[in-house]
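Keep the picture open while you read, and look up each residue as we get to it.

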Amino acid sequence: MDAVLGLKLASSGQVPDHCAARAFTNLTKDSQFGQRPLRVAIIEENSIRAAILVDGLREAGILDVEVIEAMTHMLRRLSIIDPDVIIIGIENPSRDVLEQMFQVSRLVSRPVAMFVDRSDGSMIEAAVEAGVSAYVVDGLRKERVKAIVDMAVSRFNAFERLQRELVEARSELASRKIVERAKGILMRTRQLSEEEAYALLRQTAMNEKRKLVDIAQSVVTAASLLEK
Amino acid sequence: MWGIEDVSGDPASRTGSVDDTPSTRSGRRAPERLVRVGFIPLVDMAVLVAAAEQGFAEREGIRLQLMKDVSWSNIRDRLAFRQFDVAHMLSPMPVASQLHLGSNPYSCFTPFALGRGGNAITLSLDLYREMQALAGLDGSEGALANALALKQVVERRRVAGRKPLVFAMTYPFSSHNYEFRFWLAAAGINPDTDVTMTVVPPPLTVDAMTTRAIDGFCVNAPWNMIAVEKGIGRMVATKADIWPSAPEKVLGVSLEWADENPETLSRLVVALDAAARWCDAPENHAALADMMSDQAYLGVPSDLIRRLFSGRLTVDPDGRVRHVENYLRFYGQAANFPWISQALWIYSQMVRWGQVAHSEANLAQAKAAYRPDLYRDILAGSGTSVPLVDSRVEGLEEPFIDGRSFSPDDIPAYVEGFPIRTAANAAVDE
């Protein structure tokens with residue numbers, strides 16, 4: 001069905017960035033053969049994720065990218081931008097707003113279809129897993145769209161990783177603060193040195209087979225209860 | 001951020017043994033069949049929550065995994081991409097899917113309606129006060145009188161050259177869309193030309209009204225009452241005023257999943273039937289409200305949900321309370337039966353508003369969306385009384401707000417009988 005298609009997407013959903021970039025080299029070539037450059041609209045409230053996506057598209061030679069941050073005026077913005085492809089996070093409730101927009105297509109110039117082609121199950125799976133959804137102008141060549149969706153998937157995954165690391169870093173910092181507070185409480189109430197306070201927390205954690213931060217949290221909670 | 005990850009704590013695992021859980025069969029097998037159900041947090045998902053939490057699914061050997069989502073588009077797509085097995089759906093969604101409407105027209109059907117009611121139309125308090133001043137409303141008026149008063153305001157705004165009012169519903173193929181339009185048109189307001197109809201996701205409706213982005217909305221509970229209690233909205237009509245028999249949400253099932261799992265589907269329907277019966281009993285409302293107030297579901301106070309079950313609605317920030325008989329109905333009056341005539345009423349409204357052109361082929365597709373035959377096969381001989389026919393004239397016992405009844409035998413005549421409608425295909429092309 002699509003013998004021309006040179007890029008088979010890994011079904012795992014983990015598409016290395018360089019793959020997507022290579023795909024775009026083909027794509028830019030395509031456009032030199034008479035197809036007009038693609039215009040992409042990104043609907044994204046999170047400015048970091050939007051920036052990561054725009055960056056990915058730019059690297060791949062797609063410069064005509066617009067970001068729509070807010071739901072208000074989304075319709076007007078879209079009808080002005082008139083994109084070939086719309087990328088929107090699957091958890092964005094505005095997808096229902098788009099659905100309405102496509103129904104009343106007087107306002108957007110051409111009909112738009114969700115996910116290129118049903119035959120490509122793995123691409124769809126990867127996209128949904130990564131939380132990407134895309135709307136595409138009818139009749140756009142499949143591989144051009146696929147490349148964009150692949151890129152969005154890898155960028156969404158990269159953003160996810162970034163978020164995860166950020167959360168981990170934050171919780172690491174928060175744990176350290178709790179341990180500090182617990183030490184302070186023990187030093188004050190039991191007249192211990194800092195080392196002794198820490199050793200006590202550690203020993204208790206070992207005895208109770210719990211995490212140090214959990215013991216520290218119990219100390220902090222208990223102290224706050226007793227304060228009143 | 002809601003997503004699949006957000007389905008923290010599988011609700012089924014929290015099912016404790018509760019005293020009024022119906023006695024389970026002795027020697028039942030362990031819960032084994034996992035059924036993933038997508039839902040949007042709304043009060044009308046009560047039957048699903050009860051099935052998962054109150055042991056009804058478990059009794060049928062099903063582990064129901066309720067998965068929260070944020071949009072009807074997602075519900076549709078995740079069902080299509082097999083992330084859900086079945087879903088909490090707007091009653092028009094299976095009809096739209098069979099007619100290949102929408103951006104991912106993946107065919108699904110419903111063998112079971114999840115109940116009636118819950119929708120209401122709320123206008124901004126400013127707009128309602130304007131209606132009061134202009135039409136002399138004292139607050140006790142019914143839904144049609146309110147719509148006629150709105151018509152006066154719409155006319156005055158037009159004459160004064162003010163921009164049209166903006167009204168929101170939640171999805172193009174929703175009971176809200178058709179009910180809002182039905183109510184407006186019953187008073188002579190053309191929803192396509194006299195006002196602007198737009199979509200706002202349910203959890204954002206109250207905020208959108210607060211920021212004056214919209215002048216009114218039609219959405220299911222609890223959002224209407226929340227808008228009133230925040231002092232920004234006035235409830236002017238409920239679903240029961242527009243068409244009391246209307247199905248609201250349904251159980252959407254994908255054709256593939258149903259083909260592969262006929263036995264599980266049938267057990268699921270049995271479980272939902274028992275859960276629906278339980279939900280309708282007033283003595284269970286307190287427990288049901290407690291379950292639903294959980295963050296995994298609605299995350300709103302249990303007390304608010306209870307008041308919604310009772311049908312005692314605060315309709316005006318001044319404290320006016322209106323008692324709506326059968327505001328939410330989960331079981332009685334064959335509320336779970338997927339009437340072909342109701343699928344066809346939905347279809348008639350799709351034709352009326354130019355979403356689809358009428359043809360015999362489309363009519364047949366629309367009928368395929370509702371499967372009373374399955375409901376009947378599964379529940380025949382159970383304690384639930386099953387209607388003997390699949391189709392009936394709608395609006396005889398429980399009339400529509402415009403007083404006309406709907407005979408599914410002549411849809412073109414029904415549609416042409418509306419003074420306000422969109423000309424065929426007008427919404428499709430420029």
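Below are numbered points, beginning with the ground rules and then going through the two chains.

1. Ground rules. This is a predicted model, where local features need pLDDT of at least 70, side-chain atom pairs count only at pLDDT 80 or more, and totals for chains, interfaces and linings use all residues. Residues are numbered from 1 along each chain as its sequence is written, while chains are lettered from A and ligands numbered from 1 in the order in which they are written.

2. Chain A in outline. Chain A has 8 helices and 5 strands (helices are DSSP runs of H or I with at least four residues, strands are runs of E with at least two, and both are numbered from the N terminus). Read from the N terminus, its elements go α-β-α-β-α-β-α-β-α-β-α-α-α. Of the 228 residues in chain A, 37% are buried (buried means 20 or more other C-beta atoms within 10 Å of the residue's own, exposed means 12 or fewer, partly exposed is in between, and C-beta atoms are placed from the backbone). Take the contacts in chain A between residues at least 6 apart in sequence: 67% of them join residues at least 24 apart (a contact needs C-beta atoms, placed from the backbone, within 7 Å).

3. The cores. Now look for the largest nonpolar core, which has 184 residues (such a core is a set of buried Ala, Val, Leu, Ile, Met, Phe, Trp, Tyr and Cys residues joined through C-beta atoms within 7 Å). The residues with the most contacts inside it are Ala134(A), Val47(B), Ala51(B), Trp183(B) and Ala275(B). Helix α12 (residues 262-280) of chain B gives the most to this core, with 10 residues. Apart from it lies another core, of 9 residues, including Ile178(A), Val179(A), Ile215(A) and Val219(A). As background, nonpolar side chains tend to be buried together in soluble globular proteins.

4. Two crossing helices. In chain B, find α6 (residues 143-159) and α7 (residues 175-186): their axes come within 8 Å and cross at roughly 70° (axes are lines fitted to C-alpha atoms, for helices over the stretch in contact, and angles run from 0 to 180 degrees between N-to-C directions). That makes α6(B) roughly perpendicular to α7(B) (65 to 115 degrees counts as roughly perpendicular). Where do they meet? Ala143(B), Leu144(B) and Ala147(B) in α6(B) face Trp183(B), Leu184(B) and Ala186(B) in α7(B). Trp183(B) also turns up in contacts with Ile121(B), Ala237(B), Ile242(B) and Ile401(B), among others, not counting residues up to four places away in sequence.

5. A covered helix. Helix α3 (residues 72-80) of chain B has 8 of its 9 residues buried. Among them are Trp72(B), Ile75(B), Arg76(B), Asp77(B) and Leu79(B). What do the buried residues pack against? Their partners include α4 (95-103) of chain A, along with β1 (33-39) and β10 (247-254) of chain B. After α3(B) comes Arg82(B), whose phi is positive, near 65°.

6. The five-stranded sheet. Chain B holds an open sheet of 5 strands in the order β7-β6-β8-β5-β9, with mixed pairing (strands pair if DSSP finds at least two bridges between them). Its edge strands are β7 (196-199) and β9 (233-238), each pairing on one side only. Strand β6 (residues 166-169) runs parallel to β7(B), joined by 4 bridges, and there Ala168(B) has Thr198(B) as its bridge partner. All 5 of the 5 residues in β5 (residues 120-124) of chain B are buried. β5(B) pairs antiparallel with β8 (residues 216-219) of chain B over 4 bridges and with β9(B) over 5 bridges.

7. In β4(B), 10 of 10 residues are buried.

Technical notes. Angles under 35 degrees count as roughly parallel, over 145 as roughly antiparallel, 65 to 115 as roughly perpendicular and the rest as oblique. Two residues are in contact if their C-beta atoms, placed from the backbone, lie within 7 Å.
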